[in-house]
Amino acid sequence: MDWEEAKGYADQVRKLGIQQLLDIWKRYKGNERDVLLWGDEIEYLVVSYDEENKNARLSLRQEEILEALGRLEREQKATIAKRKAEDPTYQSEVPPKFHPEFGRFMLESTPGAPYGGNWSSLLTVESNMKLRRRLAKKQLGEHEAPITMTSFPRLGAEGVFTDPYFPATGSKSRSQYLPDELINLHIRFPTLAANIRSRRGAKVAINMPVFYDVNTPRPFNDPTVDYNRHLYPEDDDVRNGAVKEGHIYMDAMGFGMGCCCLQITFQAKNMSEARTLYDQLAPLGPIMLALTAATPMFKGFLADVDVRWNVISGAVDDRTEEERGLKPLKNNRFKIPKSRYASVSTYLSEDPRLRPEYNDPNLVINEEIKSELLDNGMDERLATHFAHLFIRDPLVIFKETLETPPEGLSDHFENIQSTNWQHMRFKPPPPGDSIGWRVEFRSMEIQLTDFENAAYAIFIVLLTRAILSYGLNFYIPIDKVDENMHTAHARDAISTKEFWFRKDIFPPPHRHAHSSTSTTPSTTPSTTPTPPPLPPVEDEYTLFTINEIINGSPSNLNTNPHTPGFIGLIPLVEAYLNTVNIDVETRCELSDYLDLVGKRASGELMTGARWIREFVRGHKEYMGDSRVGVGVNYDLVKVVEKLGMGRGEEVVGSEKLLGKWKGRK
């Protein structure tokens with residue numbers, strides 16, 4: 001349905017969605033699982049080289065590539081089944097899976113089966129990522145390659161950036177820059193783009209600050225904006241102030257949903273543990289966003305940011321002027337402070353350490369839905385979480401689903417749940433499946449190599465084990481998480497900015513926040529008297545650098561009483577590994593991954609964003625004017641491909657990014 005028709009069914013979808021949620025919650029709230037399962041999602045851009053003109057473009061062959069990969073997966077599964085029939089003891093890795101994404105130039109990949117909780121499975125993560133890249137590469141033409149860049153540097157730039165070329169005249173996005181032909185052909189995706197635009201009452205308006213280099217015009221006014229285009233009513237947007245001075249202007253969903261990322265999903269043993277992981281990982285989202293920064297360019301210009309997040313946030317911002325607070329509420333119910341793609345807005349655990357002050361007292365919720373959830377036995381915090389998600393309208397509705405009995409399904413619930421793209425996602429079990437309660441960690445940027453992606457994935461997995469083992473407490477007020485997300489966008493935030501973080505992360509029996517000398521938290525239970533009154537919330541957190549958060553810092557009480565020592569997340573993980581049964585060889589291999597993360601945090605190794613920016617600024621064709629030309633982009637994409645294929649020793653300067661691991665195959 002287009003938006004004019006769909007909006008008439010929005011309340012019906014919400015009602016059916018809550019009915020399905022309650023059915024799932026009642027059926028699975030007591031679900032127990034003993035084993036940690038987790039998996040990663042890697043997204044690729046598929047590039048096509050025009051060698052004659054030295055131009056790297058985006059290949060729009062997603063359908064053909066996925067069809068070939070699907071055939072390969074089926075053949076591999078058939079071969080495995082045959083071998084097992086012949087030999088029941090035969091063991092083989094489940095073939096990876098590939099999935100469509102919004103852009104026809106994108107592929108998403110996941111392991112064929114979740115990783116388990118055993119230590120040896122961690123050592124298969126990087127090899128599985130390499131396998132997926134090789135499998136994708138084999139299905140491409142000689143002129144094509146899969147690369148793991150967050151955003152294609154010249155997406156929407158002047159000239160030819162897709163293969164094949166299409167003009168930007170489509171009726172779905174109505175963009176000045178992106179043709180509709182780069183959107184996945186499944187009806188859901190162009191409808192999503194069109195309905196976001198229609199519901200908003202204008203095209204999305206994404207403005208990212210330009211990086212002022214030595215020859216960048218001051219003031220910078222985006223020279224690509226066509227103020228004289230009159231194809232669609234929305235072309236008036238640029239004449240009505242959509243473009244900001246000093247910013248790179250983008251006007252379509254594809255600029256955001258055409259970005260790639262690294263996401264990790266964890267299955268917890270039960271709902272309570274999933275809620276704990278959700279809450280404790282939420283404050284880490286902005287930290288990991290800054291630590292994985294890899295996006296310094298948009299639409300052919302260097303930007304004065306290093307990450308993608310706000311581009312995607314703006315790309316799916318369907319809020320009307322009333323909902324954005326630009327006009328008084330008349331036709332809409334809520335003033336909504338954030339886009340659908342944003343940092344989380346509320347904690348949801350029943351942890352007694354979750355003080356009311358940590359949550360937003362002005363959180364916007366659907367009161368009727370909250371009452372219905374409470375009346376059906378759901379607790380206050382979980383009901384509040386879902387009542388907040390359900391202030392949104394469903395964006396894509398298929399009429400036939402409204403005529404299907406909702407029982408035993410989750411489609412209406414997922415219609416709204418899956419279009420709340422927050423940096424954490426709490427995922428109930430799908431009905432009729434053996435999958436448990438899950439949380440998805442969504443903030444990290446995709447990295448240029450599989451080694452880097454594996455390192456960040458493994459680090460987060462090990463950190464979750466430490467969180468649960470030691471009962472760690474990372475709570476800070478939710479508005480400080482929002483502030484940290486904003487801070488994470490800054491250029492070189494990893495080395496120039498400070499982030500709010502909790503001073504004392506240990507439960508009372510283990511507290512030693514003012515000392516960095518003890519790096520092995522006690523695990524001995526302790527009985528304690530009635531705890532003293534809690535301090536003001538403001539005393540529980542302070543500003544730390546990324547290096548201090550990740551690698552730790554000694555106490556400076558004598559010189560600066562406001563700077564307590566902090567153990568550091570990597571020393572914390574290492575302390576946890578010291579307490580578990582893990583063989584020396586595995587521990588040594590895991591140390592490589594932790595070392596990479598630590599060296600990024602300390603600044604010894606560059607982030608992907610800084611390395612890419614320096615590559616561009618050092619290129620012989622770069623004019624110091626913030627423009628990323630065709631030749632610069634071609635050479636950059638070529639070296640990114642080499643890095644991804646394990647040929648870092650061929651890339652000048654790769655040691656600044658990868659250090660001693662530049663030649664890792």
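A: The second largest pocket has a lining of 37 residues, and those nearest its centre are A205, K244, G314, D317 and R319. The elements that contribute two or more residues to this lining are β7, α10 (309-315), β12 (341-342) and α16. The model under discussion is a predicted one. The volume of the second largest pocket is about 980 Å³. Sorted by class, its lining holds 14 nonpolar, twelve polar and eleven charged residues.

The largest pocket may now be set beside it. Its volume is about 1,400 Å³. It is lined by 43 residues, and E41, E108, Q263, K427 and E440 are the closest to its centre. Several elements supply at least two lining residues each: the strands β1 (37-50), β3 (97-99), β4 (106-110), β9 (262-267), β14 (424-427) and β15 (438-441), together with the helices α6 (188-200) and α7 (253-257). Among these contributions, β1 provides the largest share, namely six residues. The lining of the largest pocket comprises 20 nonpolar, ten polar and 13 charged residues.

Pockets are open, whereas a cavity is a space in which a probe fits but from which it cannot get out. Rolling a probe the size of a water molecule over the atoms shows where empty space is left. Eight cavities of 30 Å³ or more are counted in this model. The largest cavity contains about 80 Å³ of space. Its lining consists of 13 residues, with T449, F451, L643, G646 and R664 lying nearest the centre. Two elements, α15 (450-470) and α22 (630-644), each give two or more residues to that lining. The residues around the largest cavity fall into four nonpolar, four polar and five charged.

In total, the structure holds 24 aromatic pairs. One of them joins F220 and F301 in an edge-to-face arrangement, at 5.5 Å centre to centre and with 80° between the planes. This pair links distant parts of the chain, 81 residues apart: F220 belongs to the loop between β7 (206-209) and β8 (247-250), and F301 belongs to strand β11 (residues 301-302). Both F220 and F301 are buried. Another pair is tilted, because the ring centres of F474 and F501 are 5.6 Å apart and their planes meet at 45°. Since F474 lies in the loop between α15 and α16 (478-487) while F501 lies in strand β16 (residues 498-502), the pair ties together parts that are 27 residues apart in sequence. F474 and F501 are also buried.

Two elements therefore connect these descriptions: β7 and α16 give residues to the lining of the second largest pocket, and the loops that hold F220 and F474 are described by reference to β7 and to α16.

Ring pairs can also join into a group. Y278, F386, F390, F413, F426 and W437 are linked into a cluster in this way. The charged end of K299 is placed over the ring of Y177, 3.9 Å from the ring centre. Likewise, K638 lies over the face of Y49, at 3.9 Å from the centre of that ring.

Notes:
Residues numbered from 1 in each chain as written. Predicted model: local features only at pLDDT ≥ 70, side-chain atom pairs only at ≥ 80, totals over all residues. Heavy atoms only, no water. 1 Å grid on protein atoms, 1.4 Å probe; cavity = no way out; pocket = protein on both sides within 12 Å on 5 of 7 lines; lining within 4 Å. Points joined across faces, edges and corners; volume = space filled by probe spheres on them. Helix = DSSP H or I, 4+ residues; strand = E, 2+ residues; numbered from the N terminus. Nonpolar A, V, L, I, M, F, W, Y, C, P; charged D, E, K, R; others polar. Phe/Tyr/Trp six-rings, centres within 6.5 Å; stacked < 30°, edge-to-face > 60°. Buried < 20%, exposed > 50% of the residue type's maximum accessible area, 1.4 Å probe, protein only. Lys NZ or Arg CZ within 6 Å of the ring centre and 35° of its normal.
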